[in-house]
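Here is a short report for a first look.

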Amino acid sequence: MNDLAPAVRSILETAESRGAESQAGGDDRVDVDPRDLESAFASAAADDRTPVIAEVKPTSPTTDGVREDDPFDLATEMVAGGAAALSVLTEPDHFGGSTDTLERVREAVDVPVLRKDFLVREAQLDAVESDVVLLIARFLGDDLEPMLAAAHDRGFQVLVEVHDRAELERALSAGARFVGINNRDLAKLEVDLSTFEDVAPHAPEDVTLIAESGVTTAADVRRMRAAGADALLIGSAIMDGDVRSNTRRFTTADATTADADDPAADHPDADDTIDRQPSR
Ligand SMILES: O=C(O)c1ccccc1NCC(=O)[C@H](O)[C@H](O)COP(=O)(O)O
């Protein structure tokens with residue numbers, strides 16, 4: 001883990017020292033009856049909305065300042081903007097998140113809610129109920145498979161985050177059905193959308209692929225969709241300004257071409273679809 005950016009090492013150190021932090025004050029194992037993520041994406045698509053997971057992200061190591069708005073209001077605005085699902089940071093020290101926030105948001109909306117955190121131990125799965133949990137292949141190493149099984153056992157759907165082809169192979173061998181390809185390199189914290197384009201063609205067709213991080217324009221959305229993204233996870237660009245209209249700009253991206261709201265030119269390869277490997 002020496003190759004990680006200092007901020008990410010710090011995130012990981014605090015993650016390792018955090019316990020289950022159960023809202024009930026006990027250490028009961030959660031048993032989740034989740035809202036179905038795949039159906040939420042399908043409903044969005046049937047409704048001509050680009051499937052977007054909008055992220056409630058008060059701050060981060062790469063963001064200036066903290067957004068203090070009530071997460072309840074942010075979440076309802078994101079859904080009003082057409083988000084198929086939400087992601088809520090529960091990491092407190094670097095992202096301003098909390099399990100309380102996630103509980104309140106999940107009560108306020110009827111779309112699936114992803115718990116975005118840096119989970120490294122099974123007991124941490126029991127801190128709060130959500131429809132989906134994130135597991136990061138790079139942080140979990142050989143623990144990925146048992147953590148994935150432990151999460152599935154509790155009823156969670158699991159988004160396994162990868163950054164390169166080797167991590168994709170580990171995620172697939174562990175049994176991941178939802179894979180997030182993170183365009184943010186946790187070693188340098190740099191974002192490069194070609195990460196998704198490089199890794200996605202190696203995923204089998206029956207895996208649901210989510211493009212994570214660094215999407216800032218509708219043209220970026222179309223670029224990720226052309227490269228095989230079934231859905232997108234977008235945080236900072238939604239949190240920066242009017243959350244409802246920002247969300248709408250992304251959820252209508254498939255239905256629009258480059259327009260006045262999105263002056264960035266479409267990526268030259270945006271119309272080239274990339275064939276994914278056939279199902280294994
Ligand atoms: O967002 C960060 O600054 C960050 C720093 C270190 C580790 C993880 C980080 N982000 C976590 C995420 O996965 C993103 O919040 C998510 O993919 C949305 O990204 P973006 O749309 O670029 O805000």
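## Terms and model

Ala, Val, Leu, Ile, Met, Phe, Trp, Tyr, Cys and Pro count as nonpolar; Asp, Glu, Lys and Arg count as charged; the others, Gly among them, count as polar.

This is a predicted model: local features need pLDDT of at least 70, side-chain atom pairs count only at pLDDT 80 or more, and totals for chains, interfaces and linings use all residues. Residues are numbered from 1 along each chain as its sequence is written, and side-chain values use heavy atoms, with hydrogens and water left out.

## The largest cavity

A cavity is a set of points on a 1 Å grid over the protein atoms alone, where a 1.4 Å probe fits but cannot get out. Lining residues have an atom within 4 Å of a point. Points are joined across faces, edges and corners, and a volume is the space filled by probe spheres set on them.

The whole structure holds three cavities of 30 Å³ or more. The largest has about 60 Å³ of space. Its lining includes Ile136, Arg138, Glu161, His163 and Asp185. By class, the lining has three nonpolar, two polar and five charged residues.

Most residues other than glycine have a negative phi. Asp48 has a positive phi, near 60°. Ser213 also has a positive phi, near 75°.

Buried means under 20% relative accessible area, exposed over 50%, and partly exposed in between (1.4 Å probe, protein chains only). Asp48 counts as exposed because its relative accessibility is 62%. Ser213 counts as buried because its value is 13%.

Notes
On a 1 Å grid over the protein atoms alone, a cavity is a set of points where a 1.4 Å probe fits but cannot get out, and a pocket is an open set with protein on both sides within 12 Å along at least five of seven lines; lining residues have an atom within 4 Å of a point.
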